[in-house]
Amino acid sequence: MYIDDYSINFNITGTALENDRRLNHAITTTLDKHWDVSLWSAALYVIAIFLGRKLMTSYERFNLSNALALWSGSLAIFSMIGTYRMLPNMYYALRHQDFYHSVCTVEWTYVPVVAFWTSLFSISKIIELGDTVFIVLRKQPLIFLHWYHHITVLIYTWYSYADRTSSGRWYITMNYAVHSVMYTYYALRALKYRSPQWIRMGITLFQLSQMVVGVSIGVYVYRLKRAGTPCGITDNNMYLSFAMYFSYFLLFMKFFYDAYLNPPKHAAKPKPMNGHQANGHQANGHSHSNGHHKAMNGTASNGHESFAADKKWE
C-alpha cells in the first residue's frame with residue numbers, strides 16, 4: 001500500500017507534522033461521529049436565507065464590496081493551498097499506478113497531508129454557506145442553482161467523508177482547483193474589475209468540466225461493479241454522487257445556454273428625463289425596473305455576479 005511521504009513532498013517534519021496529525025485526528029473524529037451536522041446545517045441555511053430575503057424587503061441593500069472582496073480572496077487563497085496539497089497525491093496515483101487506483105482505492109486517505117486537507121475541505125462547505133449572506137444583504141437574485149448546489153455539496157461531502165469514499169480524491173482535488181479560479185474572479189469583480197466575456201465563459205466551462213468528470217466517474221464505477229470488480233464506493237454513495245453530478249450538469253448547461261448562447265434581450269431604454277431614467281434612476285450603466293436588477297451579462301448573480309450562482313462546483 002502506497003503511503004505518501006509527507007516530509008519529502010512538503011518539507012514538513014517534527015513538531016509541525018505532529019501538530020497537523022493531532023489536529024486532523026480531532027477533526028476526523030468530529031466529522032465521523034457527527035456527519036448529521038450537515039443535515040441540520042443545510043436545513044437552517046435554507047430557512048435563514050429565505051427568511052433573510054423577506055426581512056430585507058424592509059431595508060435598503062448593503063454594498064459590502066470590500067467585505068466581499070476580502071471574503072472571496074480568502075477562499076481563493078484557501079482553495080489554492082488545498083489544490084497544491086492535493087495535486088501531488090493525484091499525480092502519483094495517475095503517473096505510477098493507474099486510473100482505477102485513483103478512483104477505487106482508499107490509500108490516499110492515510111496520507112497525512114491529504115487527510116488533513118480533506119478534513120478542511122469538508123469544514124469549508126459549511127463556511128461557504130456564507131456566500132449567500134452577501135446575496136441576501138445585497139438584495140441580489142437568488143437562483144435555485146446557487147442554494148441547491150450549496151446544500152447538496154455540503155451533505156454529500158460530509159456523508160462521503162464518514163463513508164471513506166475512494167473517489168473523493170477526484171472530487172476534492174477538482175473542487176479545490178475550480179474554486180481557486182472562481183473565487184479569484186469573485187474577488188476581482190468585487191474590486192470593480194470587469195472581465196471580458198471569454199473569461200467568464202471559460203470559467204463556466206471549467207465548472208462544467210468538473211460535472212462531466214463527476215458523471216463519468218459515476219458511470220465508470222457502475223460498470224466496474226456490474227463486472228464484479230471491487231471499488232471503494234458503496235452502492236448508495238455511487239447512486240447519490242451520480243444523481244448529484246448529473247443534476248449539476250443539467251443545471252449548469254441550462255445556465256450556460258441562458259447566459260451565453262441565448263441571453264435575454266434587453267428592453268429598449270426609455271428616453272432619459274432630467275438626466276435620469278423614466279423609472280426613477282440609473283445605476284452603473286444598467287437600467288433598473290420595479291426596484292430590481294438581474295445581471296445577465298454572461299454571469300448569474302450569486303453575490304458576486306457569478307456565472308454559476310455556485311460558489312462552487314458545484
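1. Ring pairs join Phe50, Phe144, Trp147, Tyr148, Tyr156, Tyr171, Tyr245 and Tyr248 into a cluster. Rings of Phe, Tyr and Trp (its six-membered ring) pair if their centres lie within 6.5 Å; planes under 30 degrees apart count as stacked, over 60 as edge-to-face and the rest as tilted. The model is a predicted one, in which local features need pLDDT of at least 70 and side-chain atom pairs count only at pLDDT 80 or more, while totals for chains, interfaces and linings use all residues. Residues are numbered from 1 along each chain as its sequence is written, and side-chain values use heavy atoms, with hydrogens and water left out.

2. A search of the whole structure returns 19 aromatic pairs. In one of them, the ring centres of Phe99 and Tyr220 are 4.9 Å apart and the planes stand at 65 degrees, so this pair is edge-to-face. Phe99 belongs to helix H5 (residues 99–104) and Tyr220 to helix H10 (residues 197–226), so the pair ties together parts 121 residues apart in sequence. Phe99 is partly exposed at 34% relative accessible area, and Tyr220 is partly exposed at 24%. The classes are buried for under 20% relative accessible area, exposed for over 50%, and partly exposed in between (1.4 Å probe, protein chains only).

3. The rings of Tyr245 and Tyr248 have centres 6.2 Å apart and planes at 80 degrees, so they too form an edge-to-face pair. Both residues lie in helix H11 (residues 235–261), 3 residues apart, which separates them by about one helical turn. Are they buried or exposed? Tyr245 is buried at 0% relative accessibility, and Tyr248 is buried with a relative accessible area of 0%.

4. The charged end of Arg164 sits over the ring of Tyr161, 5.0 Å from the ring centre. The criterion is NZ of Lys or CZ of Arg within 6 Å of the ring centre and within 35 degrees of the ring normal.

5. The protein chain has 11 helices and 2 strands, in the sequence order α-α-α-α-α-α-α-α-α-α-α-β-β. Helices (H or I, at least four residues) and strands (E, at least two) are DSSP runs, numbered from the N terminus.

6. Of the 314 residues in the protein chain, 47% are buried. The accessible surface of the chain is about 15800 Å², with 64% belonging to carbon and sulfur atoms; the areas come from the Shrake-Rupley method with a 1.4 Å probe.

7. Among contacts (heavy atoms within 4.5 Å) with a separation of 6 or more in the protein chain, 84% are between residues 24 or more positions apart.
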